[in-house]
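Here is a short tour of a structure for you to follow on screen.

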Amino acid sequence: MILEANGLKKSFDGNEVLHGVSFSISSGKALGLLGRNGAGKTTTIRILMDVFKANEGSITIDGKPFKASDYKIGYLPEERGLYPKKRVDEQLLYLAALRGLSKNEAKANLKKWLKRLNIEEYEKRKLDTLSKGNQQKVQLAQTLMCDPDIVILDEPFSGLDPVNSQVLKEVVMELIQNGKLVIFSSHQMNYVEEFCESIVILHHGDVVLSGELKQIKKEFGKNRLVISTLNQKAEELKVLCDTNLSNAVKCSEIKNDEVIVELHEGVHKQDMLRMLLDHDMDIEKFMIYEPSLTDIFVAKAGDEA
Ligand SMILES: Nc1ncnc2c1ncn2[C@@H]1O[C@H](COP(=O)(O)OP(=O)(O)OP(=O)(O)O)[C@@H](O)[C@H]1O
């Protein structure tokens, strides 16, 4: 399955908050939907879920118009939507019935997911008597109980301790391996890096970056080197790069006591190495810069982006 969003626009009270959002995602992969607070992620997800319509644009699946009600979708919304005063089993079975599961199927799936998420003991308890993390796991059980083909997870790790995060990590990996189409929205970049083959970064309602994460990292790290020397501190090395080597170095910054330089177009790393040696630099580290997703995110959606 390939799900495609094409030019989604959305306004609230005449204020346009999505300006033409497009992306695509296929089964067996996870898409990281990223952006700062208010960038438009939830609005995009709500359009996908048919909570409301886009003013313009379309969503297709395998080239045909996508209608959320025709698919089994597991959606873990940011605002968790269960009933605090109701028993865990009662509400999960009720919601499963609404989604078309037979009584037996719902019971079996309830047991399966409560066990998998280590919350069997809370089956008969009222939701609001559970800890925050365990309530979160009940939400996850509810999301996955209908054996969805499309899984949309909005900050699924919030409130989970490291052991429970590990359990959820394994669950998400399994969903991806089992060919589910996974949309993962999170501010926790380490998880996005672990799961998502591709990403979309929204900024003020526009897509500012999208594509395969590997390729994006390669492109972003292009012409950038990490350098440190034994005979010069990072600050001194940066000054050297910015002054004496400015015909090779476009810009530089210090990170973790190392200097990251961006070379001018056409300057090769060998040229840079030679220049450093010509300046009697005692090279400790000289390597191609591999940006983290956080670096990329800040560059694309930070205050100076
Ligand atoms: N029902 C609504 N009525 C008016 N404005 C809305 C409504 N829903 C969202 N918005 C506005 O749309 C913009 C995008 O909001 P959205 O919730 O999609 O952001 P987000 O990327 O999910 O943010 P966060 O990371 O904080 O959850 C914001 O400016 C928000 O105030």
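## Helix packing and ligand shell

Helix α2 (residues 88-98) and helix α3 (residues 103-116) have axes that come within 9 Å and cross at roughly 130°. Helices are DSSP runs (H or I, at least four residues) numbered from the N terminus, and axes are lines fitted to C-alpha atoms over the stretch in contact, with angles from 0 to 180 degrees between N-to-C directions. The table shows who makes the contact (C-beta atoms, placed from the backbone, within 7 Å).

| Helix | Contact residues |
|---|---|
| α2 | Asp-89, Leu-92, Leu-93, Ala-96, Ala-97 |
| α3 | Ala-106, Lys-107, Asn-109, Leu-110 |

This is a predicted model: local features need pLDDT of at least 70, side-chain atom pairs count only at pLDDT 80 or more, and totals for chains, interfaces and linings use all residues. Residues are numbered from 1 along each chain as its sequence is written.

Now to the ligand. Among the residues surrounding the ligand are Phe-12, Val-17, Lys-41, Thr-42, Thr-43 and Glu-78 (C-beta atom, placed from the backbone, within 6 Å). Helix α1 (residues 41-48) gives the most to this shell, with 3 residues.

Notes: Helix = DSSP H or I, 4+ residues; strand = E, 2+ residues; numbered from the N terminus. Contact = placed C-beta atoms within 7 Å.
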